[in-house]
Amino acid sequence: MRFSQFFARTLRENPSEADTVSHQLLVRGGFVHQLVAGVYSYLPLGWRVLRKIEAIIREEMDAAGAQELAMPVLQPVELWEETGRNLAFGEIVFNVKDRKEHMLLLGPTHEEVVTMLARRWVKSYRDLPFTLYQIQTKFRDEPRPRGGLLRVREFPMKDAYSFHADGESLDVTYRRMAQAYKNIFERCGLPTLMVEADSGAIGGKDSHEFMVQAESGEDTIIYCPGGDYAANVEKADSLKEQGETESLLPLEAVATPDVKSIEEVAKFLRVPHKKTLKAVFYSAGDSLVFAVIRGDLDVNEVKLRNLFKGADLRLATDEETRQAGLEPGYASPIGFKGIKIVADPSITLGSNFVAGANKKDAHFRNANYPRDFSVDVMADIAIAKAGEGCGRCGKPLQSTRGIEAGHIFKLETAISGKMGADFLDREGVSRTIIMGCYGIGVGRLLAAAVEYGHDDRGMIWPENIAPFQVHLVGLNLDQPQVSSVADRLYADLKSAGLEVLYDDRAESPGVKFNDADLLGIPVRLTVSPRTIKAGVVEVKRRRDKESTMIAAEALQGHLRELLGKRNGS
RNA sequence: CGGGGCGUAGCGCAGCACGGUAGCGCGCUUGGUUCGGGACCAAGAGGUCGACAGUUCAAAUCUGUCCGCCCCGACCA
């Protein structure tokens with residue numbers, strides 16, 4: 001492609017609306033253009049990258065035995081009423097009305113449609129298992145699009161769905177898909193971390209996310225440096241520090257005027273945070289929930305929400321707390337009944353805790369479970385933090401930020417059960433089809449690749465997904481001798497099967513070199529009066545600092561060495 | 001939805017407290033000189049100042065309403 005004819009324009013300055021690196025660079029380089037909030041055009045450069053990622057995904061999906069199909073974006077609301085997920089998704093779905101006032105929606109995902117297909121086709125265990133996938137635009141009216149391509153409202157996604165007669169079959173496919181995902185991300189040149197994830201309101205059992213490590217990521221990952229554990233913080237568990245165990249002392253009330261927060265209490269009574277009990281109140285649906293946890297820890301709302309199966313969980317207001325008969329700042333489960341008490345096991349790691357006295361300006365010393373109070377549910381509701389122990393090996397955990405590029409999970413019968421997708425097993429007994437589903441945010445993956453691969457001059461694309469393989473820069477092309485050499489080289493490279501962006505514009509060298517750095521194509525070749533005189537071509541890899549001069553005759557072989565081996569297909 | 005910021009030429013911005021000719025840099029067009037890391041000279045094109053309403057002799061500037069975009073939070077199969 002000749003740059004002079006290419007539909008691309010670079011910007012010298014960062015667009016004001018972008019402050020995520022990938023967003024800035026993709027806009028500056030002319031890869032994407034925003035139409036409205038969270039809706040982007042993929043311009044030729046961006047589209048080329050997207051199609052390369054898609055091609056890799058297709059190859060790996062096909063190799064893993066999945067079959068491609070295409071399902072409609074436009075879906076009838078009735079289908080979603082079967083699973084009730086039109087309510088679970090709520091405001092996030094884009095609704096449309098047809099001319100007959102029939103309500104339709106723009107698919108945010110395709111479990112319902114694909115399960116309808118399975119229901120129609122699958123009669124017998126002999127029809128199972130199989131896996132279907134598509135690469136298609138999804139629509140979600142996110143409350144807040146952000147970070148350029150990282151969180152948008154219209155986006156290309158690869159979604160796959162597997163159907164099984166039993167859990168063992170699902171396990172096999174799940175592992176195969178996990179491996180396919182590893183292959184995909186590796187071929188895209190992106191190191192990812194496979195982490196245990198929360199499966200969210202959709203239900204199901206196992207769930208894993210594939211994370212690209214990046215500061216701009218929306219998720220926090222807790223992982224063990226030993227490599228035996230990694231999880232999204234929403235799901236992560238850890239070994240909490242053991243508090244000191246003393247012989248139990250008698251409960252004793254102390255005056256604590258105006259002392260409310262754990263911080264204040266610990267300071268006022270001169271005890272460490274981990275020797276206090278924290279009480280937090282949530283509103284779940286139409287009732288309140290009383291959460292108790294050791295004072296140095298925090299409540300993981302995702303874990304808590306999962307205990308209440310999808311209920312609308314939010315922090316209760318002080319007003320609501322008082323109405324339940326509790327005094328904010330001085331509340332504790334001691335001598336209290338009325339609302340459900342959920343406790344974290346950390347309240348047993350230690351003894352003689354300081355806890356609220358359920359009246360203003362007073363606390364108890366030496367509170368101990370179960371001597372002094374009882375709880376309704378004892379379950380892990382704590383946020384895991386770096387520094388705490390790995391549940392597998394005990395080593396201190398670490399944390400990092402990540403971009404969720406892929407997510408796989410075992411749906412089991414969460415969808416198929418509600419939709420009556422059944423089959424007859426070997427014994428002629430009707431059973432519910434078991435499902436798995438597997439997603440990759442393709443556009444987000446593209447952005448993640450930039451978050452991962454860039455420097456202060458621009459993007460640095462991995463070979464396999466770069467928009468072009470070679471960036472040919474011609475300098476002083478107004479000299480006929482130079483342009484004829486450059487034109488010939490361009491033609492030769494193309495006929496050798498390379499994808500070449502040929503900068504034949506009448507721009508100064510500085511502009512061309514800076515654009516080459518910005519666009520981040522893996523190999524830059526320069527032809528100029530200088531190189532022609534020496535009978536060489538300058539070769540510079542984007543990720544290297546130095547360039548080398550290669551004799552014109554040896555160039556093709558040299559390029560093959562630089563690029564060839566990476567093209568795995 | 002709560003908090004904050006912003007909307008003036010294709011892009012980045014100034015002008016607005018104090019109302020009176022719409023400006024700068026980049027980019028773009030034409031001609032010339034340049035040519036290995038964002039060249040120079042000269043001449044140009046390009047804007048209903050987000051929208052609507054109000055105040056005023058007069059509004060980019062003051063007032064009101066609405067719309068849009070970005071950031072933090074809430075939320076996020």
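Where is N352 found in the predicted model? N352 sits in the loop between β17 (340-343) and β18 (353-356). The backbone at this residue has a phi near 50°. That value is positive, and N352 is a residue other than glycine. N352 has a relative accessible area of 3%. The cut-off for a buried residue is under 20%, so N352 counts as buried.

A positive phi also occurs at E101. Here the angle is near 70°, again in a residue other than glycine. E101 belongs to the loop between β5 (94-97) and β6 (103-106). Is E101 buried or exposed? Its relative accessibility is 55%. A residue is exposed when that value is over 50%, so E101 counts as exposed.

P129 is placed in the loop between α5 (111-121) and β7 (130-139). The helix α5 covers residues 111-121, and the strand β7 covers residues 130-139.

A cis peptide bond also runs from Y369 to P370. Its omega is near 0°. P370 lies in the loop between two strands, β19 (362-367) and β20 (377-378).

Notes:
Residues are numbered from 1 along each chain as its sequence is written. Chains are lettered from A and ligands numbered from 1 in the order in which they are written. This is a predicted model: local features need pLDDT of at least 70, side-chain atom pairs count only at pLDDT 80 or more; totals for chains, interfaces and linings use all residues. Side-chain values use heavy atoms; hydrogens and water are left out. Helices (H or I, at least four residues) and strands (E, at least two) are DSSP runs, numbered from the N terminus. Buried means under 20% relative accessible area, exposed over 50%, partly exposed in between (1.4 Å probe, protein chains only).
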